[in-house]
Amino acid sequence: MNRRYSTIMTVAAIAVMGGALFGSSFTAPLNAGSTMEVETSPLAKVAAMGGLELMMPEAYAAGPCSDLLDSGRPVVNFDLTGVSVDLPTMTGSTYSAMTFSEQVPGPTLRVTQGDVVHMTLTIPGDEVTQHGNDMHASQMSSKPYMGAVNIGETGEYCFIAEVPGVFKYHCSGVNIAAMDQHVLSGMYGITIVDPLDGYKRLMVEKTALQGGEVVKDKKFYDADALEFQLQYNQLYLTDAGTYDMGKMMSHSTSQTVVNGQAFGYVPNGIHNLLMFGDANKNIFLAQPWNSMDLKQYQSQLLFVPTDEHVRFFIENQGNEPVYWHIVGEILDRVTQANRVQAQGTETWLLGGSQNMIVDVVFDEPGIYAAVNHDYAAIYSGAATIFVAGLPLDPVNEAATSLGVVQGAVDAGSYAGVLGNPHDAVPPAGANTIAHPALNVHCLCTDDVANAAIENGALPLWEVIPAVIAAAQG
Ligand SMILES: [Cu+2]
C-alpha cells in the first residue's frame with residue numbers, strides 16, 4: 001500500500017484520541033507577569049571586558065587531539081557550527097535564536113563508552129558573535145578548550161567519553177559572558193554515551209492470580225528498546241523576541257519548551273479537521289502549531305506500541321526543575337550513568353543540567369501525556385502527548401475498510417503509518433529498536449528540514465494535502 005495514501009488514517013486516529021484526553025478544560029495562560037528589576041550592570045561590565053576568561057598556565061593549553069586521535073580507540077567526529085537565526089515561537093512571532101547547526105536543540109551525539117569524541121565548532125564569518133562548547137560528557141580543562149571561538153574560525157577538542165549516560169552540551173558564551181543568553185536562546189544539546197556492555201534488560205513488577213491468590217509476577221523485557229529524546233528548557237523573551245535577562249533572573253518564564261517548542265507534540269490542524277470538520281476548531285486548546293504552512297514546525301504526536309520496552313533520554317537544559325511524569329503511567333526504571341536510581345516511581349526530579357534514562361512499558365492502549373509536573377511548566381508548554389497502541393476503534397475500522405491499516409497493525413502503533421517526529425528520536429545505538437517511520441519535525445531551518453527529508457523522514461505538510469486531494473479526487 002502506498003504510504004502517502006495510508007497516512008490519513010493515522011491522522012484521524014490522532015484527532016480522536018486528542019479529544020478523548022483533554023476535552024475542553026485545558027487552558028494555556030502565558031506568563032505575563034511583571035519583570036523584576038535586576039541589576040545587570042556588573043555583568044555588562046564583565047562582558048565588556050571580554051568575559052570571565054580564566055587565567056591558567058600555558059601548560060594546560062596543549063591540545064589532547066593529537067594524542068587521542070591516534071590512540072587506537074574508536075573516534076567519533078562531531079562537527080558543529082554556531083549560527084544565529086530567527087526561529088518561530090508558539091505565539092506566532094519569531095525570536096532571536098542562537099543555535100548549534102541551525103537547530104534547537106543541537107544535533108544529538110551518540111557514542112559508546114570509551115570512544116574518543118573529536119568535537120569541532122566553526123563560527124561562520126558572518127555570524128554576529130563568538131561561541132564556545134562545554135560538553136558535560138568530557139572531563140578536561142575548561143581553559144582553553146571550552147572558551148570562545150572567534151568569528152570566522154574553527155575550534156576543536158578531543159576527549160574520551162568515559163562515563164555512560166546522557167550529558168548536556170551547551171554554548172559557553174563569550175568566555176562565560178552572555179552564556180545564559182546563548183544557552184537559553186537555543187545553544188544546547190545532548191551526548192548519549194551508551195554503556196560499553198549495553199543496556200540492561202528491564203524488569204517490571206506485576207501481579208498475577210494463581211490458584212485464587214494474588215502473587216508477584218515479574219516480567220522481563222529485552223534491553224533493546226524503542227527510543228525517544230526529550231529536552232526541557234525555558235524561553236525568556238521581550239515582546240520584540242529578544243532575550244530578556246531580567247525575566248531569567250526573576251525566573252519569569254515566557255514559554256517552556258520541549259525539544260525547542262512549547263506544545264510541539266500535540267494534535268494539529270489536520271486533526272481538528274478530521275475530528276470536527278473544521279481545521280480551526282481545536283481538539284486541545286493549546287495547539288499553537290496547527291497550520292500546514294508551518295511545515296517542520298507543525299506539532300506532531302508521538303506513537304508507541306503497548307507491551308514494549310520504551311527508553312527515554314531526558315535532559316533538563318533549563319533554569320527550572322523538571323518533575324518528569326507520564327499521566328497514566330509509572331516510570332518503571334530511572335537510570336543515571338548506567339546505575340539504577342529508582343524503580344516503579346511516579347515522578348522523577350531533574351534539576352538544571354541533570355539527566356536520566358527512563359524505561360517504561362505502556363501497559364494499556366490509550367493517550368498519555370508526559371509533563372513537567374509543575375503547573376506553570378505544563379500551562380506554558382511542557383505537555384507532550386503519546387498514543388500507545390491502536391486505541392481508536394472508529395479509526396481502526398475505517399482504516400481496515402480502506403485497506404490501509406496494515407502498516408499500523410504491523411508496528412503495533414500509528415507510527416507504522418505516520419511515523420514519529422524525527423527530532424524526538426535519537427540516533428540509533430546497539431540496543432535500539434528502529435522506528436517504523438519518521439516524519440519531519442523540528443525547531444530548525446529549512447536546510448535542516450530538507451536534510452531530514454533526504455534521510456527518509458516524511459514531510460507531512462506535503463504528504464497530507466496529497467492524501468486529501470487523492471481521497472477527494
Ligand atoms: Cu553561543
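**Phe312 and its surroundings**

Start with Phe312, which touches Phe228, Leu230, Ile357, Val358 and Val360, leaving aside residues up to four places away in sequence. Keep in mind that this is a predicted model.

Which residues touch the most other members of the largest nonpolar core? They are Val117, Leu302 and Phe312, in a core of 121 residues. Strand E12 gives the most to this core, with 6 residues. The core also draws at least three residues from each of two domains: domain 1, which is 3-30 + 221-472, and domain 2, which is 65-194. As background, nonpolar side chains in soluble globular proteins tend to be buried together.

Now to E12 itself. Ala225, Glu227, Gln229, Gln231, Asn233 and Leu235 point one way from E12. Leu226, Phe228, Leu230, Tyr232 and Gln234 point the other way, and both sets are buried.

Which strands pair with E12? One of them is strand E15, residues 309-316, which runs parallel to E12 over 7 bridges. In that pairing, Gln229 stands opposite Phe313. Another is strand E13, residues 255-258, joined to E12 by 4 bridges and running antiparallel. There, Tyr232 has Val258 opposite. Strand E24, residues 432-433, is parallel to E12, with 2 bridges between them. Ala225 stands opposite Thr432 in that case.

Next, a separate piece: an open sheet. Four strands make it up, in the order E4-E9-E8-E6, with mixed pairing. Strand E4 (109-112) and strand E6 (134-135) each have a single partner strand and stand at the edges, so one side of each has no neighbour in the sheet. E6 is joined to strand E8, residues 165-170, by 2 antiparallel bridges. Met135 has Tyr169 in E8 as its bridge partner.

A few backbone details. The peptide bond from Val104 to Pro105 is cis, with omega near -5°. Pro105 sits in the loop between strand E3 (103-104) and E4.

Asn259 is not a glycine, yet has a positive phi of about 55°. This residue lies in the loop between E13 and helix H7 (269-276). Is Asn259 buried or exposed? The count is 23 other C-beta atoms within 10 Å, and the cut-off for buried is 20 or more, so Asn259 is buried.

Lys295 also has a positive phi, near 50°, and is a residue other than glycine. Its place is the loop between H7 and strand E14 (302-304). With 15 other C-beta atoms within 10 Å, Lys295 is partly exposed.

Now the chain as a whole. It has 12 helices and 26 strands. Of its 473 residues, 51% are buried. Among contacts between residues at least 6 apart in sequence, 71% join residues at least 24 apart.

Last, confidence. The average pLDDT for the chain is 86, and 82% of the residues score at least 70. Where does pLDDT stay under 50? One such stretch is residues 1-39, for which the model has 103 contacts beyond four places in sequence. Another is residues 54-62, with 7 contacts of that kind.

Conventions:
Residues are numbered from 1 along each chain as its sequence is written. This is a predicted model: local features need pLDDT of at least 70, side-chain atom pairs count only at pLDDT 80 or more; totals for chains, interfaces and linings use all residues. A residue is buried if 20 or more other C-beta atoms lie within 10 Å of its own, exposed if 12 or fewer, and partly exposed in between; C-beta atoms are placed from the backbone. Two strands pair if DSSP finds at least two bridges between them. A nonpolar core is a set of buried Ala, Val, Leu, Ile, Met, Phe, Trp, Tyr and Cys residues joined through C-beta atoms within 7 Å. Domain bounds come from an automatic or database domain assignment. Two residues are in contact if their C-beta atoms, placed from the backbone, lie within 7 Å. pLDDT is the predictor's confidence in each residue, from 0 to 100.
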